[in-house]
Each structure stands twice: as C-alpha cells, then as structure tokens.
Amino acid sequence: MRHALAAFSLALAALSAGAVQAKTVAVTAARLLDVTSGKYVEQPVVVITDGRIVAVGAQGSVTVPDDAERIDLPGQTLLPGLIDTHVHLDSSPKYGGYNGLAFTDSFWPVVATANAAATLNAGFTTVRNVGADRYNDVGLMQAIDEGVAPGPRIVPAAYALGATGGHCDSTYFPPSVDLTSPGVFDGPDAARKMVRKMKKYGARAIKICVTGGVFSNDAVGIQQLSLEEIQAIVEGAHMDGMKVAAHAHGPEGIRAAILGGVDTIEHASLVDDEGIRLAVKAGAWFGMDIYNTDYTQAEGRANGVRESELKKDADIGEAQRRNFCKAVKAGVRQIFSTDAGIYPHGWNARQFAVMVRYCATPLQAIQAATVNAAEALGQPGDVGQVAVGRYGDLIAVQGDPLADVTVLEHVTFVMKGGAVVRR
C-alpha cells in the first residue's frame, strides 16, 4: 500500500511540474485549400495540439514548438477531412433484396466496423448515419470514440422513423411473418415519443421517411407522413438539440418536410419549382445522392436487388440529377449525401464528379462536403474547416481539386484528430 501511495504521489508531482505535456503535430504541404474562400494558402503549416488545430498559416508566419512532431507532404494539397451526411454503415450493396436474410443479426455490426474503416481511409472523417438496425451505429460510434475500432466521427440516428407500411417499415414479408420496424409510429403523439426513445438510446440526429422509396414495396413519390406528424418530430428533436433529416423523393412530401421545419431533405429526387422556392426561402439543405444510380444500375441485379426496385431506380435517377442542377442554379443550399451502403463504402468521393457534371462548381461540391455539411450537422466549430479550434482532421491529395475534382477519389494522406490514419 505504501508503495502504491508513493507512486501516486510521484505521478501527481510530475503532473504539477508539467512533466506530462500536450502532444503537438505540425503538418506542412505545398498548398492548403481554404474551403470558405476557394483560395489557396501556399506552403502552409497546420499546428495541432491534443487533437485540435491551434494555428494555421504560411510557413514562417506561424510559430511551431520545438518539440512538435513534423509531417511534411511535399507537392500535395491539404483540405479539411470530408463529411458525408448520409451513410448506412451497417449495410452492404453485396446483399440486396432478400440476400441479407442468409446472415445472423450479429453479422451486421461486423460489416459496419469494416465499412467504417474503409470510409475513414477514403478521407471521410465525419459521417451522419441515417438509419441502422439494433442501434448498430450508436455502438459503432462508441467503439470508435473509445479507440476500439478505426472509423470516422459518427452522428448516429439509430432507427429511421416512419409510418406503418411505409418506407421505414419492414415491408418484405407476408402477414404470417408479423414484423414491424422498431422505428414505426402513427400520429403526432407517437412521433414525439419515438424521438425521445431514439435520444434515450444514443441517437444524435433523427431520420424520418416522409415519402416512399426505391428499395421498398411502395411508390417512390407518395407522401407517408402528415404535416402534423412531421412538425411533432421536428419540435421534439430540436428541443433535444438534434437535427432532422427527411427521406423525401416526391414533391408533396418534400414541400411538407420543408414546411414542417426539417433541417435536411434527403434525395429530393422529384422536387418541383415550388419545393425549390420553399427550400431557398426556409434555408433548408438538400442532400441529393446523385452518384449511386451508376452503381445500382450496373451491379444491382447481380447483388439480388429486385426488378421492381431497379425499375424505380432507373426511372428517377436522371430526373434527380436534372433537379439537382435546377436546385444548384436556384441557390438551394447543398450538402454531400451519398447513401453509402447502396454502393460500396469508401467510394463516397465518386459523387464529386457527378455533382460537377450536373452544374455544381468544384468548389461548391467541396463545400457541400466540408463547411456546408458541418453547418447542417450543427458542428461548424468542430469540423469542416482547417481553422483554429477545429479538430485536426486533414486530408491530402496530389493535384488541384479545383481543377480536377476527381483527385479527391485518391487521397494520399488522412489525419483524424491529429493522429495519422493513412499516409
């Protein structure tokens, strides 16, 4: 006991004397993209202490502590860690239709762990997981935060919430298999209770299904939640400090979601002019997953996706891309939402090129995955920029992403919270 007390006293004395010091890392490169202005800082240095950025500027203008670990990335371009606001980490495109029933329930958290690592290695240091079974995203977030598994920062939504028989319910089975999703509710009072339940079990955002969807037994555009139910969800979520994401393909559902105060409209495939006008007026964000149709049309049949779903996917794919262009031109605020899990995780950056092909500038596409996404998630002081006070989340690429956005598909360096993930 005396030895233990003596050791404890020595440790306290060492802390008091400043023997335990904060870890500092200094990263240098050829250039740094300021994602707010679209301008480059030549020969930058980023200084990170205990995982947060403490200084940024041109080399020579910033004091770097003598004991800092130095990381030099000659010839490379630095950007903030990327953000995808719509992923499903416990899903895999390899198992479409009924194929996923071949596996036990505990298979999917293992899949999620592998997908999280692939996402982080691709340069996405923050994601919002909008719908997971059995609170898999909450458990994965906790494992990553505890250093048990590698992965991005996760904003989990737990179960996606929706109406009985709707897109967020289990609609693949006959009545003899009486299966209802744990996220199903009907009516405003039940909606409020469901928000509180998700919060209770670890959700930090809420996902609702306002319309039908592609990968379910319903019509894509049909509205499934009333305005009163949407408003009840939003009121409850905002009271608890959570943002609300609405799966909404059809124009009526999109308009209802905006009028109901939803923060981000996911998919927005068939949005009409009135929906675009309302989005601009309300300042709502659109998260339009305009890459994944390329994958599902090429590989979906081999993965077991049903023919009815492939037809819906083909029917709305090009319309969604045209409407993305209209929304960008009209000034609707855009976030980077890919629906990863519909295509392989780690391919997230392939959407940048599609966004640029359909009217966005490279800077607008990059901002959607950085400053815009951070604001939409309610985390502008933590992620989305290489700026003092933010987490030390950095990526590097060879080349100029403002000239060729596809370089973001091939990151050469990833850092999360001042720790090197990939180099």
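**A walk through a predicted model**

The helices (H or I, at least four residues) and strands (E, at least two) I mention are DSSP runs, numbered from the N terminus.

Before going on, a word on where this comes from. The model is predicted, so local features need pLDDT of at least 70 and side-chain atom pairs count only at pLDDT 80 or more, while totals for chains, interfaces and linings use all residues. Residues are numbered from 1 along each chain as its sequence is written, and side-chain values use heavy atoms, with hydrogens and water left out.

Back to our residue. Is N292 buried or exposed? N292 counts as buried because its relative accessibility is 5%; buried means under 20% relative accessible area, exposed over 50%, and partly exposed in between, with a 1.4 Å probe and protein chains only. Its side chain reaches the backbone oxygen of T338 at 3.1 Å. Setting aside neighbours within four places in sequence, N292 is in contact (heavy atoms within 4.5 Å) with T338, D339, I342 and Y343.

Now the sheet. Five strands form an open, parallel sheet in the order β9-β10-β11-β12-β13. β9 (205-209) and β13 (333-334) stand at the edges with a single partner strand each, so one side of each has no neighbour in the sheet. Two strands pair if DSSP finds at least two bridges between them, and β12 and β13, which run parallel, are joined by 2 bridges. For instance, F286 has Q334 in β13 as its bridge partner.

Next, have a look at T85, in strand β6 (residues 82-87). T85 counts as buried because its relative accessibility is 0%. What does its side chain meet? The side chains of T85 and S337 are joined by a polar contact of 2.4 Å. A polar contact is a pair of N or O atoms within 3.5 Å; within protein, one must be able to donate a hydrogen and the other to accept it, and residues adjacent in sequence count only if both atoms are side-chain atoms. Beyond four places in sequence, the residues in contact with T85 include R128, V130, I335 and F336.

On to a helix. In α3 (residues 136-145), the buried residues are N136, D137, V138, L140, M141 and I144. Their cover includes α2 (107-121), β7 (124-129), β8 (153-156) and β15 (413-416). Just after α3, G147 takes a positive phi of about 80°.

On a 1 Å grid over the protein atoms alone, a cavity is a set of points where a 1.4 Å probe fits but cannot get out; a pocket is an open set with protein on both sides within 12 Å along at least five of seven lines, and lining residues have an atom within 4 Å of a point. The second largest pocket is lined by 17 residues, and R153, I154, V155, R204 and Q379 lie nearest its centre. Which strand gives the most to that lining? β8 does, with 3 residues, while β7, α3 and β8 each supply at least two.

As for the largest cavity, its lining residues are P80, G81, T125, D382, V383, G384, Q385, R390, Y391 and D393.
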